Amino acid sequence: MVDKKLDSVRVRIAPSPTGEPHVGTAYVALFNWAFARKSGGKFILRIEDTDRSRSRPEYEAEILRSLRWLGLDWDEGPDIGGDCGPYRQSERLELYREHMERLLKAGEAYYCFCTPERLERMREERKGESFRGYDGHCRGLSEGQVRENLERNLPYVVRLRVPREGETAFEDMLRGRVCWRNEEIDDQVLLKSDGFPTYHLASVVDDHSMGITHVIRAEEWISSTPKHILLYRAFGWPVPKFCHLSLLRNRDRSKISKRRNPCSLHYYRKVGIFPQALLNFLGLQGYSMPQEQEIFSLEEFARDFDVSRIKTRSPVFDLEKLFHINGVYLRSMSRERLVEALLSYTRGWLEGALGLAQERMESLGDFFPLMAFLWQRELVGDFGAILPKRVSLEEARGVLGKALEAYGSCEWSVEGLRRVHGELAKALGLKKGKVFMTLRTALLGKLGTPPLEESLVLMDRFQVIQRLEGALGCLEKWDV
RNA sequence: GGCCCCAUCGUCUAGCCCGGUCUAGGACACAGGGUUUUCAUCCCUGUAACGGGGGUUCAAAUCCCCCUGGGGUCACCA
């Protein structure tokens, strides 16, 4: 079954449902998709939900919905099935278990009974040393000791037995040969003590059993690639081709992060970016079209797609350029299509917005001024000039500064925000009223608005963070 | 810190593989000007880059080496 598939290209995107759908996922998906379409191969969607504590089904649904919104269609996936299913790792545990057994039997992997405490101690002790991987404590356990420990029901993990000598290398499609000395490769955990496989085991088993020919993924995976190669070898499987895409960056060139950039795909939908424009923009990051064509459709992108045009330099994510491109799309649309687009955009908001607006409305027209804060790009000219009564400049700075810290990582829900605001008031020793009014004016632009938290969650986290930074910037101009 | 990746305008990039055609081109942003009752659009102009040092060569942004800088990764997360 697998052999037949190896004839043609099969690539995949393998997101894990542990948060809001990420723009990086869209980026990598775009290149995988284009590679598949260009070569007449298949593009597969697989959900990597082996992290039991962080994975949530609603996140999976959001990933699917977002990719569909973008127009990146997949040939096989959890929703549509396919010959190599299931496409959700939590439903393939039996497969991993079998393969785990195989490795154990062959001596390619071993049981490890080290406690988290011991591991922590070990890491502490080796802090200054160059190699900080597992020290191999359980590597030499005899069969008898292992059996005894298992009978005593000691919790265990299974680790890969990485050869101590020689080297492991691969040929990256973009970067050429990349090589490691085996002694510096860690004995990676393959099976966690909760019985779930780690990413490393699951993705290798799945990529092989799904006949994946090219693994196109983000650069951050380069350093775990030797472990994956060792796994393929341990199983006796052919190794797929690897292609590591460079990472999208913040302005300071660190890996893109949600407090510095809009990482959630929800953001783009909420501020009214067209999916085609987003994809167009993403297709310009680390890649260029022939003749430097700047505006192109998904179809054109796929038709001209060429791996050799991918760059290894990591691009800084530039929202401004995205908006420019989106503007070009918007202005080129027919009036009818724009009407349609705006209607469906508005419809997406209505349910949530009306939940807050209806009781405050007397006519339909009241809706727009009431909820205008949802769409205003520039909120207030000068926040310092419209500070709520009895809130000092210093207090406002404190509130906004603390909020900025908290908003970057808190749970983006009414409850989550409520908690943040409560803690914020306590930490600053301010009355709740002051905190709320300061945030209300800074973030919603008016003294009279629907409830703060309910209003904020209608927006994307980053949208709010941007406003916070804007208001804080206004305050800087004022002297204390 | 070890290992690995990367390096052209502020940003996205073309050029680099196959050295001369590069006094380095385009786009965004910025500045100035024009069109427009205003704004936006649109048009024109301008500022602005091959990180440093060694080689190789008649000739290097392009090839080689070193340095520097940036980044990623070192989890029972993916």
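Chain A of this predicted model has a mean pLDDT (the predictor's confidence in each residue, from 0 to 100) of 93, and 98% of its residues reach 70 or more. Residues 1-6 remain under 50 in pLDDT, and the model gives them nine contacts beyond four places in sequence, a contact being heavy atoms within 4.5 Å. Residues are numbered from 1 along each chain as its sequence is written, with chains lettered from A and ligands numbered from 1 in the order in which they are written. Local features need pLDDT of at least 70 and side-chain atom pairs count only at pLDDT 80 or more, while totals for chains, interfaces and linings use all residues; side-chain values use heavy atoms, with hydrogens and water left out.

Chain A is divided into domain 1 (2-90 + 248-309), domain 2 (92-245) and domain 3 (376-476), with bounds that come from an automatic or database domain assignment. The C-alpha centres of domain 1 and domain 3 are 34 Å apart, and 11 residues of domain 1 are in contact with 12 residues of domain 3. Between these two domains an area of about 830 Å² is buried, 54% of it from carbon and sulfur atoms; buried area is the accessible area (1.4 Å probe) that two parts lose on being put together, summed over both. Of the area that domain 1 buries against domain 3, K258, Y267 and K270 supply 57%, more than any other three residues.

RNA strand B is surrounded by 51 residues, of which R175, S193, G286, E292 and R313 are the closest; a residue counts as near the strand if one of its heavy atoms lies within 4 Å of it. By class, this surface has 23 charged residues (Asp, Glu, Lys and Arg), 16 nonpolar residues (Ala, Val, Leu, Ile, Met, Phe, Trp, Tyr, Cys and Pro) and 12 polar residues (the others, Gly among them). At least two residues of the surface come from each of α5 (116-125), β4 (157-160), β6 (176-181) and α12 (319-332), where helices (H or I, at least four residues) and strands (E, at least two) are DSSP runs numbered from the N terminus. Sugar or phosphate accounts for 79% of the RNA strand B atoms within 4 Å of the protein, and bases for the rest. A polar side-chain atom of K192 lies 2.5 Å from a phosphate oxygen of RNA strand B, and a side-chain N or O atom of R253 is 3.5 Å from a phosphate oxygen.

The G85 to P86 peptide bond is cis, with omega near -5°.

Methods. Polar contact = N/O pair within 3.5 Å; in protein donor to acceptor, adjacent residues only side chain to side chain.
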